[in-house]
Amino acid sequence: MTQGDWQRDVLRDLGRQDAAADAPPAPDRPAPGPSAAPPPPPAASSSEPVGPHGDVSARLAGPVPHPEASQQPAVRAVRDPRLPMVTPESLPTVDPRLAHAMGRPRHGDSITRRTGRSLQKLTASAAQEVSEETHLARALQQPVTTGRVIAVTSIRGGVGKTTVAALLARTFNHYRHDPVLALEADAALGTLPVRLGAKSVRWSCRELAHLLTPSMQLTDVTGYLVPVTDGGWLLPASQGRIGAPLDMPTYRTVSLALRRYFAVTVVDCETLPGEVARTAMDTAHARVVVAPMTVEGVGGTRLVLDWLAQLPHSALATTVVALTANSPDMTLDLKAATAHLRETGVTVVALPYDRHLAQGGPIHTALLGQATRQAATSLAAEAMERAVKAR
Ligand SMILES: Nc1ncnc2c1ncn2[C@@H]1O[C@H](COP(=O)(O)OP(=O)(O)O)[C@@H](O)[C@H]1O
Ligand SMILES: [Mg+2]
């Protein structure tokens, strides 16, 4: 099957979804209540795929053939008997008692800077900017033969992995017409749903590992996912409760099954060297390692890059570093930090400090600073270039 065929299949599937907009609400949309449809019965004993909306097979034709379908190991079909049969309840991503305390979202750039920019737009440098943007857009819109997975990780927490993953997912959604998935694979109380503006979550990787079957259509699968306001889909790692962490087999099952449906999957991983993070790094088509702009952050990341260089199938060649400043007080020399990381042969993209990102909470694309947007676009383009070339 050609690239075009694959993309057409997915788009056709999405088109059907639009046509089925009158169907009962998906489980992540407003409260279906306690009478919500239970998860499908074990696939092993079921001849027809049953989605979260009930029996969807009446609405949709047969499964979408996929070029990789025959090569991929079958999705785990036997349901874990320890899992409850009921639909998980929809839980808010931010405690309502806290939500009102978030404060007004700020713009990433000050008013002075924004005014300066609108004046600058009238100058000659604008033409060069447009040509750069066209170049990046082309990289971001490349067709893909099979779903590409881009994993985001770092050597420690709180450096900006989830922020980078959210920015990448938003960027791909902005530029691409085929479906994009933001997959959370952070075992510990991840924040990707909040950053992507999801109000509530219901299904997570844990349940989907048992629910996904190879015969499912994209429309069946998206019923279990959270639609992101700016476009695309999200699958959280958990419901944000303290509980069993995401394990490696669950990640493998879910990521492998879902990449059949999405042109690009951005994975927000836990920190290295966690088992899930290592698996995600190893199985992704491209990797983004987030390094904080501190001497220990850059030093530690260099060690990770040296480790990647030793892995088979040249993992370093498909890696990009995002050098992030999540405080306005970072003093490390950007040139020296970049040069230190580039010695390994890796590409480095600097993500500047952004007031809007620093606030936490949902990321509003319109409020991102200009430099942040440019950095996110460059980073996404660099990652995509590598993901497309990967085996
Ligand atoms: N580019 C940035 N500019 C300003 N603050 C940032 C930036 N990136 C991240 N932050 C801040 O750092 C915090 C932690 O980022 P997060 O993406 O959650 O890290 P991680 O996923 O690695 O734990 C965010 O809540 C935000 O306040
Ligand atoms: Mg995180």
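Figure 1. Among contacts in the chain between residues at least 6 apart in sequence, 84% link residues at least 24 apart, two residues being in contact if their C-beta atoms, placed from the backbone, lie within 7 Å. This is a predicted model, in which local features need pLDDT of at least 70 and side-chain atom pairs count only at pLDDT 80 or more, whereas totals for chains, interfaces and linings use all residues. Residues are numbered from 1 along each chain as its sequence is written, while chains are lettered from A and ligands numbered from 1 in the order in which they are written. The secondary structure comprises 14 helices and ten strands; helices (H or I, at least four residues) and strands (E, at least two) are DSSP runs, numbered from the N terminus. Of the 391 residues, 45% count as buried, a residue being buried if 20 or more other C-beta atoms lie within 10 Å of its own, exposed if 12 or fewer, and partly exposed in between, with C-beta atoms placed from the backbone.

Figure 2. Eight strands form an open sheet with mixed pairing, in the order β5-β6-β3-β7-β2-β8-β9-β10, where two strands pair if DSSP finds at least two bridges between them. At the edges lie β5 (226–227) and β10 (347–351), each of which pairs on one side only. β5 and β6 (residues 233–235) run antiparallel and are joined by two bridges, and P227 has W233 in β6 as its bridge partner.

Figure 3. β8 and β9 run parallel and are joined by six bridges, with V288 standing opposite V320 in β9. Helix α11 (residues 295–310) lies across β8 and β9 (319–324) and runs at about 155° to β8; axes are lines fitted to C-alpha atoms, for helices over the stretch in contact, and angles run from 0 to 180 degrees between N-to-C directions. In the loop between β7 and α10 is P273, which a cis peptide bond joins to L272, with omega about 0°.

**Figure 4. The largest nonpolar core around L168.** Of the 90 residues in this core, I150, L168, A182, V266, V267 and L379 touch the most other members; a nonpolar core is a set of buried Ala, Val, Leu, Ile, Met, Phe, Trp, Tyr and Cys residues joined through C-beta atoms within 7 Å. Not counting residues up to four places away in sequence, L168 touches I150, V152, V266, A376, L379, A380 and A383.

Figure 5. Ligand 1 is surrounded by 17 residues, the closest being K161, T162, T163, N326 and A358, where a residue is near a molecule if its C-beta atom, placed from the backbone, lies within 6 Å of it. The largest share of this shell, three residues, comes from α5. A358 is found in helix α13 and counts as partly exposed because it has 14 C-beta neighbours inside 10 Å. Although A358 and T163 are 195 residues apart in sequence, they are 9.6 Å apart in space, C-alpha to C-alpha. Not counting residues up to four places away in sequence, A358 touches N326 and Y353.
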